[in-house]
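I opened the model to look up its fold and one of its strands. My notes follow.

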Amino acid sequence: MAKKPRTPPPPRRVQAPKQRHAQRTGFDSARMRMILYGVAGAALVALVVVLVIVLGGKGSNDVAQGSDAKVRAAMTAAGCTFASKPVLPPKDGKNFHNDAKTPTAKVKWSTFPPSGGGHYAAWAIWNFYTQPVPPDQVVHNEEHGGVVIWWGPKVPESTVSELRSFYLDDPTGMFGTPIDGLGGRIALAAWTGDPSRYYKNGYYGIGKLAVCSSFDKKAFTTFRDAYRGHGPEGTPASSNQPGSGPNG
């Protein structure tokens, strides 16, 4: 008896290779963009802060503040002391002229000799004097950006001659006068500041003062070149010519 043909078994189902799906981490493209925007924004804010510090630092406290280290080094090498101090505010908080109703009124300053603060309404005529000029007036010259050479009554005449020669070498914005109370010492003073902030939010500028026992041309030149013409009122140095003043 013939055998019945066997029906072949159905073909075995071939399973497709299993695909491994990457585990989701939650960082889809939209979220990644948000993170990148956040990082970029933070970087921009940091840049703005740096610029405010750098650019503001050059003029916010006062435009010459960055010169203090150089001046201090020069004055120290010459055997001098150096100070950089905020000036005392006006008594009424409004106007330094009200601190001195007369050229010889008693005024309190943050340094001696004075390097800024209360003063008389009329400044002194720019010059080199051998008789004392009232400090109340001279401080007004400092407000206009002048560098003042002070010396005590015990300073030798030969040293005063050196100071005069230094003044005459470049007298624009310079002032010279003796002052009681300084003995045999010499001083350089300047009042510096940012004119855009002057009288605002308790800002009145910075006084610079160097006191020496002898004259040193290199150190004096460093001080002069750093601070002359940087008064808080913003008066150009070119306006402070010898012989000029309220009535000259």
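I count helices and strands as DSSP runs, a helix having at least four residues and a strand at least two. On that basis I find five helices and five strands in the protein chain. I keep in mind that this is a predicted model.

Next I read off the order. From the N terminus the elements run α-α-β-α-β-α-β-β-β-α.

Then I checked the whole chain. Of its 248 residues, 39% count as buried. The accessible surface is about 14700 Å², and carbon and sulfur atoms hold 58% of that. I also looked at contacts with a separation of 6 or more: 73% of them join residues 24 or more positions apart.

I turned to strand E2, residues 147–151. Is E2 mostly covered or mostly open? I find it mostly covered, with five of its five residues buried.

Which way do the side chains of E2 point? Val 147, Ile 149 and Trp 151 point one way, while Val 148 and Trp 150 point the other way. Residues of both sets are buried. I recall the general rule: side chains in a regular strand alternate between the two faces of the sheet.

Which strands pair with E2? I find strand E3, residues 174–178, paired with E2 in the parallel sense over five bridges. Here Val 147 stands opposite Met 174 of E3. Strand E4, residues 186–192, pairs with E2 in the antiparallel sense, also over five bridges. There Trp 150 stands opposite Ala 187 of E4.

Last, I traced the path from E2 to E3. Together with helix H4, residues 157–169, these strands make a right-handed β-α-β unit.

Definitions and conventions. Residues are numbered from 1 along each chain as its sequence is written. This is a predicted model: local features need pLDDT of at least 70, side-chain atom pairs count only at pLDDT 80 or more; totals for chains, interfaces and linings use all residues. Side-chain values use heavy atoms; hydrogens and water are left out. Buried means under 20% relative accessible area, exposed over 50%, partly exposed in between (1.4 Å probe, protein chains only). Contact means heavy atoms within 4.5 Å. Accessible areas come from the Shrake-Rupley method with a 1.4 Å probe; for residues, only the protein chains shown count as cover. Two strands pair if DSSP finds at least two bridges between them. A crossover is right-handed if, with the strands pointing away from the viewer, the path from the first strand over the helix to the second runs clockwise.
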